[in-house]
Amino acid sequence: MAQADMTPPEGAAADWTVPQDWSAYTPGEHAMWDRLFERQAAMLPGRVVPEFLEGLDILRMTRPGIPDFAELSERLMKRTGWQVVAVPGLVPDRVFFEHLANRRFVAGRFIRRPEQIDYLQEPDVFHDVFGHVPLLTHPAFADYMQAYGEGGLRADGLGSIDHLARLYWYTVEFGLMRHGNDLRLYGAGIVSSFGESVFALEDASPNRIGFDLKRLMRTQYRIDDYQQSYFVIDSFEDLLRKTSDVDFGPIYRELETESDVAPDAVLAQDRVYHRGSQDHARA
Ligand code: PHE
Ligand code: FE
C-alpha cells in the first residue's frame with residue numbers, strides 16, 4: 001500500500017479507481033484464473049474457515065473465469081454493503097484507508113503470467129479477489145475491514161501507520177482461526193497461496209501464537225518468504241471486539257517506547273499453539 005506520490009496515474013479517477021474493463025481479459029487470462037482457482041479449491045476444504053467457502057458460494061465465485069467486479073459488488077452490497085473497485089496497482093495509504101472506511105475493497109485487475117504462478121511481488125486479481133473478497137460476505141469481518149480503514153486514517157494522523165499495518169498483515173493477510181481443537185486459515189495471503197496454505201497450518205517450522213493486539217503490533221514481518229509466526233483468533237466476532245471496541249491511541253503511545261519483536265520470537269506471555277522449529281527459515 002505504500003506510495004508517496006498522491007497524484008493518481010493517468011486514466012485513473014481522483015480516488016485512484018479505474019474501470020475493470022472485464023471484456024478485455026483474454027481467454028488465456030481467464031484460464032490462468034481457473035488454474036489457480038482449481039488448485040486452491042482442491043486444497044482449502046478442511047483447511048480454510050467455513051465462512052470463506054460460504055463466501056465463494058454466495059458470490060458465485062465457483063463459476064469459471066475472472067469475476068466481474070460489478071457483479072461481485074451487486075451481491076456483496078446486498079449482504080454487507082461492500083463493493084469491489086479496480087485500481088491500477090498499489091495506492092497511497094490514505095487512499096486505501098478511505099476506500100475501506102467506505103466499504104470499498106480495492107483490487108488489482110491484472111492477472112499473473114504463467115511463469116509467475118507461484119510467486120509474484122505485487123498483488124494481482126487472484127490474490128485480491130479470491131483471497132480477500134469471499135470473507136467480505138461475513139458481517140463481523142466486513143465490519144472489521146471498515147473499522148480498519150477508519151483506524152488507518154486515525155493512525156496516519158498519530159504517526160502510527162507502521163504499527164497498525166502489522167495488525168492488517170497478521171490478521172487480514174496471514175491470520176489463522178481456532179476451529180474446535182484445530183486451526184483453520186482465513187488470511188488472504190495464505191488462502192491464495194498454494195505453498196503457504198499447507199505450510200501455515202501443517203509445517204513444524206512456524207510459530208502459531210494466540211492473538212494479542214499489542215504483541216502483534218510489535219511484531220515485525222517478512223515480505224520475502226513464508227511467515228515465521230502466525231497469530232490465531234477465536235472468531236471474527238472476537239477479533240472485532242478486541243479491535244473495534246478498543247481505543248488504539250494509548251496503545252500507540254505505549255508502543256513508542258517498546259521494542260519491536262522479531263518475526264520468529266516466542267515471548268513468555270504468549271499463548272503458544274505451536275512453537276516453531278524455524279527449520280524453513282534457516283534452510
Ligand atoms: N479501534 C481502532 C482505533 O482506535 C480502530 C481499528 C478498529 C483499527 C478495527 C483496526 C481494526 O484506532
Ligand atoms: Fe492482500
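The largest nonpolar core has 65 residues, and those with the most contacts inside it are Val84, Ala107, Leu136 and Leu185. Helix 6 gives the most to this core, with six residues. This is a predicted model, in which local features need pLDDT of at least 70 and side-chain atom pairs count only at pLDDT 80 or more, while totals for chains, interfaces and linings use all residues. Residues are numbered from 1 along each chain as its sequence is written, and chains are lettered from A and ligands numbered from 1 in the order in which they are written.

**Confidence**

- The chain has a mean pLDDT of 96, and 98% of its residues reach 70 or more; pLDDT is the predictor's confidence in each residue, from 0 to 100.
- Among the elements of the chain, strand 6 (residues 229–233) has the highest mean pLDDT (99) and helix 13 the lowest (94).
- Helices (H or I, at least four residues) and strands (E, at least two) are DSSP runs, numbered from the N terminus.
- For the complex, the predictor gives a pTM of 0.96 and an ipTM of 0.94.

**Nonpolar core**

- A nonpolar core is a set of buried Ala, Val, Leu, Ile, Met, Phe, Trp, Tyr and Cys residues joined through C-beta atoms within 7 Å.
- A residue is buried if 20 or more other C-beta atoms lie within 10 Å of its own, exposed if 12 or fewer, and partly exposed in between, with C-beta atoms placed from the backbone.
- Ala107 is in contact with Phe69, Val84, Ala86, Val125, Asp128 and Val129, leaving aside its neighbours within four places in sequence; contact requires the C-beta atoms of two residues, placed from the backbone, to lie within 7 Å.

**Helix 5**

- Helix 5 is largely enclosed by the rest of the structure, because eight of its eight residues are buried.
- These buried residues are Val125, Phe126, His127, Asp128, Val129, Phe130, Gly131 and His132.
- They pack against helix 1, strand 1 (83–87), strand 2 (104–108) and helix 8 (188–191).

**Annotated positions**

- In an unreviewed UniProt entry, the annotation "binding site" covers His127, His132 and Glu173. These residues are spread over 47 residues of sequence but cluster in space, with a largest C-alpha distance of 10.1 Å.
- UniProt positions are given in the numbering used here, feature names are shortened, and annotations may be inferred rather than shown by experiment.
- His132 lies in helix 5 (residues 125–132) and counts as buried because it has 22 C-beta neighbours inside 10 Å. Not counting residues up to four places away in sequence, His132 touches Phe105 and Ala188.
- Glu173 is found in helix 7 (residues 161–173) and counts as partly exposed, with 19 C-beta neighbours inside 10 Å. Leaving aside its neighbours within four places in sequence, Glu173 is in contact with Tyr168, Gly187, Ala188 and Gly189.

**Surroundings of ligand 1**

- Ligand 1 is surrounded by Tyr144, Ala147, Tyr148, Gly151, Arg154, Leu167, Thr243, Ser244, Val246, Asp247 and Phe248; a residue is near a molecule if its C-beta atom, placed from the backbone, lies within 6 Å of it.
- Helix 6 (139–158) and helix 11 (236–244) each supply at least two residues of this shell, and the largest share, five residues, comes from helix 6.
- The shell divides into six nonpolar, three polar and two charged residues. Ala, Val, Leu, Ile, Met, Phe, Trp, Tyr, Cys and Pro count as nonpolar, Asp, Glu, Lys and Arg as charged, and the others, Gly among them, as polar.
- Val246 is placed in the loop between helix 11 and helix 12 (248–255) and is partly exposed, with 13 other C-beta atoms within 10 Å.
- The C-alpha atoms of Val246 and Leu213 are separated by 9.8 Å, although the two residues are 33 residues apart along the chain.

**Backbone angles**

- Most residues other than glycine have a negative phi.
- Trp16, a residue other than glycine, has a positive phi near 75°. Trp16 lies in the segment before helix 1 (27–43) and is buried, with 24 other C-beta atoms within 10 Å.
- Gln278 also has a positive phi, near 60°. Gln278 lies in the loop between strand 7 (272–274) and helix 13 (279–282).
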